[in-house]
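I have a new structure open today, and I am keeping notes as I go. Come along and look things up with me.

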Amino acid sequence: MLKKIGPYGLITIGFLLSILIGGTLLYLPISQKAGADVSLVDAFFITISAICVTGLSTIDVANSFNLFGYTIIALLIQIGGLGIVCAGLSIILLAGQKIGIKERILIKDSLNLNSLKGIVKLVKSIFRITFIIEFIGALFSFCSFIKYYKFKDAIVISIFHSISAFNNAGFDLIGNFRNLVPFENDILLNLTTSGLIILGGLGFIVINEIIEKKDFKKISLHSKIVIKMSIALLIIGTLVIYASSDISLLASFFTSVSSRTAGFNTVPIDSFNKVSLLFIMILMFIGASPSSTGGGIKTSTFYSLIKGTYSICSNKRCHSFKREISHETILKSFIVLFVGMIVVTSCLLCLCIFEPNIDLLDLLFESISAFATVGLSTGITPELSTISKIVIMITMFIGRVGGLTLLSLWTKKGKKYVSYPTEDILIG
């Protein structure tokens with residue numbers, strides 16, 4: 001039976017099974033604090049939000065779950081960030097088992113790679129990089145949290161925070177839906193969290209190339225584009241948010257970093273004006289980079305859209321860094337954009353039907369945040385009806401697994417297609 005299911009199908013099934021197990025565990029009393037009353041829908045909402053590394057929450061995580069519940073959520077975030085396949089194969093490698101050709105193909109498809117070359121080495125590197133970065137992040141976070149919490153609590157919060165930040169999840173254990181607002185002026189925590197988010201958003205392939213080659217000129221075109229776009233969006237985002245809102249430069253920088261799929265905030269999102277909210281939505285929709293812990297249509301997709309549009313309009317070949325970008329890549333970028341717009345629009349339409357009393361801008365913000373697996377919200381998530389929560393859950397799932405991945409499930413292999421004569425149609 002499993003042999004008939006393609007790689008994308010297995011990846012999707014893996015996500016669904018993880019959601020089923022995680023949701024069930026979070027719904028059990030063993031995961032909840034005494035007196036907490038977590039409904040089945042809320043338990044599965046948190047599970048999907050965690051494994052899709054989103055961060056949207058219908059309930060207060062810190063006050064609803066105990067240490068066991070925190071651990072389950074952290075594991076779901078870690079699995080979601082690494083990807084089901086990489087997380088599973090990391091365990092197999094630790095157990096000393098060999099990785100077969102089928103497993104290598106799964107890794108290739110889950111990370112959107114073009115070759116099977118060096119797959120096992122890459123997985124080992126991903127596992128090692130993740131542990132080192134999260135460990136260092138936890139140490140720096142601890143230096144901030146120890147000022148406000150008891151030693152044991154500070155350790156738990158620091159580890160959870162580091163995992164959540166590096167995997168661009170946005171979950172916190174501060175409590176009362178405050179996120180990192182109490183730490184708006186804590187420079188160390190702001191910079192530590194930003195660093196974890198940026199590294200997680202760059203992607204494992206880019207980080208691995210930087211470590212191995214140590215020279216910008218020697219890294220691949222993909223890595224050059226990702227680094228270029230990440231820096232550009234970070235700077236532009238900081239300046240626009242700072243200019244359009246009444247917050248500090250540090251808060252503007254943090255918001256610019258976090259808007260690219262992380263979901264942490266040091267300033268209440270509902271306090272921003274419409275200009276800032278609109279630009280944050282643009283940053284959310286673009287998102288992080290391929291093979292990273294973030295979502296969105298991805299930085300490289302956005303870059304290909306810009307270069308591809310210019311190439312088509314100017315009737316020139318599409319190239320960057322003395323390399324030509326293929327027509328197939330440009331076409332795929334437009335498909336990703338189209339699918340993303342369809343998903344966001346469909347989610348917004350459903351929310352408008354089910355939540356007629358909530359402002360359209362708030363619903364649009366929630367829809368983009370869910371699709372791009374960001375986790376930022378203007379505060380309406382806990383107010384959503386059960387059916388709206390289900391809509392958001394589906395949107396988060398599609399955003400994390402990927403529209404192209406889900407569309408590929410309907411592609412029939414081996415089917416012969418009839419070729420017809422070509423005829424142009426009028427466009428525009």
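Here are my entries on salt bridges, a surface patch and one serine.

**Entry one: before anything else.** I note that this is a predicted model.

**Entry two: salt bridges.** How many salt bridges does the structure hold? I found two. I started with lysine 389 and aspartate 42, whose side chains meet at 3.0 Å, N to O. Lysine 389 sits in helix α17 (residues 386-401) and aspartate 42 in helix α2 (residues 40-51), so this pair ties together parts that lie 347 residues apart in sequence.

Next I looked at glutamate 324, which forms a salt bridge with arginine 317; their closest N and O atoms are 3.0 Å apart. Glutamate 324 is partly exposed, with 49% relative accessible area, and arginine 317 is exposed, at 64%.

On the surface I found Phe131, Ile132, Phe135, Ile136, Leu139, Phe140 and Leu188 forming a nonpolar patch, with about 660 Å² of accessible area together. Which helix gives the most to this patch? My note says helix α7 (residues 119-145), with six residues. I picked phenylalanine 131, which lies in that helix, and I see that phenylalanine 131 is exposed, with a relative accessible area of 59%.

I turned to serine 369 in helix α16 (residues 360-371). Serine 369 has 0% relative accessibility, so it counts as buried. Beyond its neighbours within four places in sequence, serine 369 is in contact with residues including Thr54, Met284 and Leu376.

Methods
Residues are numbered from 1 along each chain as its sequence is written. This is a predicted model: local features need pLDDT of at least 70, side-chain atom pairs count only at pLDDT 80 or more; totals for chains, interfaces and linings use all residues. Side-chain values use heavy atoms; hydrogens and water are left out. Patches are made of residues with over 30% relative accessible area and no salt bridge: like charges are joined within 9 Å, nonpolar side chains (Val, Leu, Ile, Met, Phe, Trp, Tyr) within 5 Å. Accessible areas come from the Shrake-Rupley method with a 1.4 Å probe; for residues, only the protein chains shown count as cover. A salt bridge is a side-chain nitrogen of Lys or Arg within 4 Å of a carboxyl oxygen of Asp or Glu. Helices (H or I, at least four residues) and strands (E, at least two) are DSSP runs, numbered from the N terminus. Buried means under 20% relative accessible area, exposed over 50%, partly exposed in between (1.4 Å probe, protein chains only). Contact means heavy atoms within 4.5 Å.
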